[in-house]
Amino acid sequence: MTTTEIKTNDRTTAEATTVRPNPTTAAPRLNFAKAAPKAFRAVIGLDAAAREGLDPALVELVQIRASHLNRCAYCLHMHTADARKAGESEDRLHMVAVWQEADHFFTDREQSALALTDAVTRIGDAGVPDEVYDQAAAHFTEEELAHLLALIFTINTWNRIALSTAKRAGTDER
């Protein structure tokens with residue numbers, strides 16, 4: 001259990017407790033695909049549309065990075081496995097979590113996509129800074145940038161589905 005302080009308007013302090021299910025013992029809460037099939041198919045449709053025109057290796061890097069930030073072991077396991085099958089190197093997979101410190105492993109285009117992934121995934125912290133957006137816009141066409149944003153939205157949605165329903169890493173129930 002983790003306890004953190006939350007400040008509101010720099011005057012009020014309240015205590016909040018966050019408890020995550022233990023991924024090794026928690027039973028899945030519900031099968032989202034069966035319980036809400038139209039919503040599930042809509043997310044699949046957005047996911048498929050978002051990927052159009054984007055390099056498959058870049059897609060996996062973005063999904064891995066968002067899954068790191070969201071602490072989604074289920075999606076992290078799935079997307080690192082998919083990246084390996086697609087030929088991604090172990091070195092690069094290990095460096096995604098620390099991409100800023102290991103920037104020589106990634107192209108400028110990939111770095112701009114990872115920075116945008118960080119900003120959009122952590123949007124509540126500081127929004128999406130202009131310099132991050134502008135850097136991505138310098139490396140992607142307007143259409144590619146729209147697809148990249150949709151991809152980031154989608155993986156964040158998948159992470160939230162997996163975490164909310166206590167999906168267990170390694171089960172890859174797609």
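The largest nonpolar core of this predicted model holds 27 residues, and Val62, Leu116, Leu148 and Leu151 have the most contacts inside it. A nonpolar core here is a set of buried Ala, Val, Leu, Ile, Met, Phe, Trp, Tyr and Cys residues joined through side-chain atoms within 4.5 Å. Buried means under 20% relative accessible area, with exposed over 50% and partly exposed in between (1.4 Å probe, protein chains only). Two or more residues come from each of α3 (56-70), α6 (108-121), α8 (130-139) and α9 (142-164). Helices are DSSP runs (H or I, at least four residues), as strands are (E, at least two), numbered from the N terminus. Leaving aside residues up to four places away in sequence, Leu148 touches Leu54, Val62, Ala113, Leu116 and Phe140; contact means heavy atoms within 4.5 Å. There is also a second, separate core of 11 residues, with Val43, Ala66, Cys72 and Tyr74 among them.

Residues are numbered from 1 along each chain as its sequence is written, and side-chain values use heavy atoms, with hydrogens and water left out.

On to the aromatic rings: a search of the whole structure turns up two aromatic pairs. Rings of Phe, Tyr and Trp (its six-membered ring) pair if their centres lie within 6.5 Å, and planes under 30 degrees apart count as stacked, over 60 as edge-to-face and the rest as tilted. Phe40 and Trp158 have ring centres 5.4 Å apart and planes at 70°, so this pair is edge-to-face. Because Phe40 sits in helix α2 (residues 37-51) and Trp158 in helix α9, the pair ties together parts 118 residues apart in sequence. Both Phe40 and Trp158 are buried, and together with Phe32 they make up one aromatic cluster.

Helix α9 also packs against other helices. The axes of α8 and α9 come within 8 Å and cross at roughly 125° (axes are lines fitted to C-alpha atoms, for helices over the stretch in contact, and angles run from 0 to 180 degrees between N-to-C directions). That makes α8 oblique to α9: angles under 35 degrees count as roughly parallel, over 145 as roughly antiparallel, 65 to 115 as roughly perpendicular and the rest as oblique. Tyr133, Ala136, Ala137 and His139 of α8 meet Glu144, Leu145 and Leu149 of α9. Helix α4 (residues 73-85) packs with α9 at about 125°, with axes 8 Å apart.

Notes
Predicted model: local features only at pLDDT ≥ 70, side-chain atom pairs only at ≥ 80, totals over all residues.
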